[in-house]
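Open the model in your viewer and keep the selection tool at hand.

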Amino acid sequence: MQASDYDKIIHTAFMVSKARQFTDIPYAKELAELVEAQGLVELSESQNQDKSALLTARVEARYKAVNQVMAQYQIGQVLELASGLLPRGLFMSCHPNITFIESDLPRMIRCKQQLVKQLVGERPNLHFLSIDATSRPSQFLKSVELLKVGQPIIILCEGLLTHLNMAEKQLVCANIREMLQQYGGVWITPDFIDTASLRQSQEFDPSLQKLLQTGTNLTGRSLVNNNFTTLEQARQFAYEQGFCVAEHSMLNVMDQLSCLKILGIDTQVVRKMLGLWSIFALTLDVS
């Protein structure tokens, strides 16, 4: 794929940001309002109508579940891939002992850096790098100057792999594997999604199919066909790429979801939906 093809994926960052503003996630509302005020993205009227309260629930759960798994590792260096409009770097860099590197395609990361500067100014421990996560040779090496040698790293991606075909997923895995071989640490992601669970989710949320179609229209890439067929296939893929997998259910953050009250969402429906999804924590298989 050419860089311009990947650039189309950027639109989904704005779509998810709109959903994230209906939560108590720090800086989510401020980022979404700033994007809208500056007219940084123009979605058609039909796309603006593709709203789902359950999308917000899943987006909030995904974000908080990733954070919960991160906290288990107590690692002070973070590289977030395809960080888009995620507010995690903004929040975590409030702690001076954290080194947080946001990365994305050039157009997106320039936009993000500008937004962050307007919100909080510059922080010495929050960095922005232009990285195509699928590129070989790896562009992850751009982060080396910002990282402490001999200390482990957390690598994150939230919503990246779902846009990539299997060959592209393998490229990302190879790049992450190289970084973990050099630094040690863990890769944390909710992106090992399987089509079987996606279909079940559509039973709970009839508007999900329309949302998936909107995402496909925006990016030119199917948000269904690029997923794994089953959860077992997702696990097997991870093993084949040289990783050990620990799975953490998104149900673990059910009691943290603020959007349930804000949007008046049926708790039982969300509970059933989150029971289908997991966060993968992947470490190198050294056996």
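Start at the largest pocket, which holds about 370 Å³ of space. A pocket here is an open set of points on a 1 Å grid over the protein atoms alone, where a 1.4 Å probe fits, with protein on both sides within 12 Å along at least five of seven lines; lining residues have an atom within 4 Å of a point. The volume is the space filled by probe spheres set on the points.

This is a predicted model: local features need pLDDT of at least 70 and side-chain atom pairs pLDDT 80 or more, while totals for chains, interfaces and linings use all residues. Residues are numbered from 1 along each chain, and side-chain values use heavy atoms, without hydrogens and water.

Select Asn67, Met70, Ala71, Phe91 and Met92, the closest to the pocket centre among its 15 lining residues. Then colour helix 5, which gives the most to this lining, with 5 residues.

Next, select Met70, Ile154, Ile188, Val270, Leu274 and Trp277, which have the most contacts inside the largest nonpolar core, a set of 47 residues. Such a core joins buried Ala, Val, Leu, Ile, Met, Phe, Trp, Tyr and Cys residues through side-chain atoms within 4.5 Å; buried means under 20% relative accessible area with a 1.4 Å probe, protein chains only. Helix 5 (residues 53-71) supplies 7 residues, the largest share of this core.

Finally, select cysteine 173, which is buried at 0% relative accessibility. Its sulfur lies 8.6 Å from the closest cysteine sulfur, in cysteine 157, too far for a bond. The structure holds 0 disulfides (cysteine sulfur pairs within 2.5 Å).

Key
Buried means under 20% relative accessible area, exposed over 50%, partly exposed in between (1.4 Å probe, protein chains only). Helices (H or I, at least four residues) and strands (E, at least two) are DSSP runs, numbered from the N terminus.
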